[in-house]
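Open the model in your viewer and keep the sequence panel beside it. Each stop below says what to select and what is found there.

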Amino acid sequence: MQANTNKFSWFQVPEDIKNLLILAAQTWENTSESENYIQQALAQTGENTDVLVAAYRFFYYKNNYSLALQTTVKLLDKIKEIENLPDEWEQLKPILVNRKEDPQIRLYLNAYAASGLVLAKLGAVEQAKEISAKVKEIDEKHDFGAGILLDILTRPAEEDD
C-alpha cells in the first residue's frame, strides 16, 4: 500500500518513512497494525527527531504511556546530544532560558513538559510535579503547558460538603 506523501513535504524524512507513518495513521483503528508501522519507522530511522515526535504522539493517544515515556526520553537524549546540553538542571536552565525560541530548544521544552504529563498518567506524580515546576520556571508565556499540569497536580483535594 502506498500513500501520497507529497502533502507532508515539511516532514524531513525519506519517502518510505513518510509512507510508514501515513499507513500508521490510516490503520489507526487496528492498534497492532498501526503500531507495527510506527515501530518500523523507528527501527529504520534510529533517532530522527520528527519520527520520535510522531511516535510519542501515537503512543500517547493510544494510551500506551510507558512507550510514550520511552520515546520522549529518547527524544530528549537526542536533542541533548545535538545541542550538547548539560545534564544538570542548574547548568541547563540558563541555556534553555536564553535559547527558548530556538526550534530545537522549544522541542526539548515541549518534550520535557510532555514527559511530566506522561509520568503523571503513569502515577509518578512527584516526578511529574518536579518536571512541571522546572519547565514553568522558564515558561512565562505558558507555551508548554507545564504550569497547567503543575496546578492540577498541586491542587488541594476538594472536600465533600
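**Before you start**

This is a predicted model, in which local features need pLDDT of at least 70 and side-chain atom pairs count only at pLDDT 80 or more, while totals for chains, interfaces and linings use all residues. Residues are numbered from 1 along each chain as its sequence is written, and side-chain values use heavy atoms, with hydrogens and water left out.

**Stop 1: the whole chain**

Helices here are DSSP runs of H or I with at least four residues, strands are runs of E with at least two, and both are numbered from the N terminus. Read from the N terminus, the elements run α-α-α-α-α-α-α-α. Along the principal axes, the C-alpha atoms fill a box of roughly 55 × 45 × 25 Å.

Switch to a surface. The accessible surface comes to about 9400 Å², and 48% of that belongs to carbon and sulfur atoms; the areas come from the Shrake-Rupley method with a 1.4 Å probe, and for residues only the protein chains shown count as cover. Of the 161 residues, 45% are buried. Buried means under 20% relative accessible area, exposed means over 50%, and partly exposed lies in between (1.4 Å probe, protein chains only).

Among contacts with a separation of 6 or more, 47% join residues 24 or more positions apart. A contact means heavy atoms within 4.5 Å.

**Stop 2: α1 against α2**

Select residues 15-26 for α1 and residues 31-45 for α2; the two helices pack at an angle of about 160°, with their axes 8 Å apart. Axes are lines fitted to C-alpha atoms, for helices over the stretch in contact, and angles run from 0 to 180 degrees between N-to-C directions. The pair α1 and α2 is therefore roughly antiparallel. Angles under 35 degrees count as roughly parallel, over 145 as roughly antiparallel, 65 to 115 as roughly perpendicular and the rest as oblique.

The crossing of α1 and α2 is left-handed. That term applies if the near helix is turned anticlockwise from the far one by less than a right angle; clockwise is right-handed.

Now show side chains. On α1, pick Asp-16, Ile-17, Leu-20, Leu-21, Leu-23 and Ala-24; they meet Ser-34, Tyr-37, Ile-38, Gln-40, Ala-41, Gln-44 and Thr-45 of α2. These divide into eight nonpolar, four polar and one charged. Ala, Val, Leu, Ile, Met, Phe, Trp, Tyr, Cys and Pro count as nonpolar, Asp, Glu, Lys and Arg as charged, and the others, Gly among them, as polar.

**Stop 3: α2 against α3**

From α2, residues including Ser-34, Ile-38, Ala-41 and Thr-45 take part, and α3 contributes Val-51, Leu-52, Ala-55, Phe-58 and Phe-59. The contact of α2 with α3 holds eight nonpolar residues, four polar and one charged.

**Stop 4: α3 against α6**

Select residues 49-61 (α3) and 103-121 (α6), which pack at about 25° with axes 12 Å apart. What is their relative direction, parallel or antiparallel? α3 and α6 are roughly parallel, and their crossing is left-handed. Thr-49, Val-53, Tyr-56 and Tyr-60 of α3 make the contact with Leu-107, Ala-114, Leu-117, Val-118 and Lys-121 of α6. By class, the residues are seven nonpolar, one polar and one charged.

**Stop 5: Ala-111**

Stay on α6 and select Ala-111. Its relative accessible area is 6%, so Ala-111 is buried. Apart from neighbours within four places in sequence, Ala-111 is in contact with Thr-72, Leu-75 and Leu-76. Phe-144 is 33 residues from Ala-111 in sequence, and their C-alpha atoms are 9.0 Å apart.

**Stop 6: Lys-74**

Move to α4 (residues 65-83) and select Lys-74. Lys-74 counts as partly exposed, because its relative accessibility is 43%.

**Stop 7: two loop residues**

Select Asn-84, in the loop between α4 and α5 (89-99). Its phi is near 55°, a positive value in a residue other than glycine. Asn-84 is exposed, at 68% relative accessible area.

Finish at His-142, in the loop between α7 (125-137) and α8 (146-154). Phi of His-142 is near 60°, again positive in a residue other than glycine. At 60% relative accessibility, His-142 is exposed.
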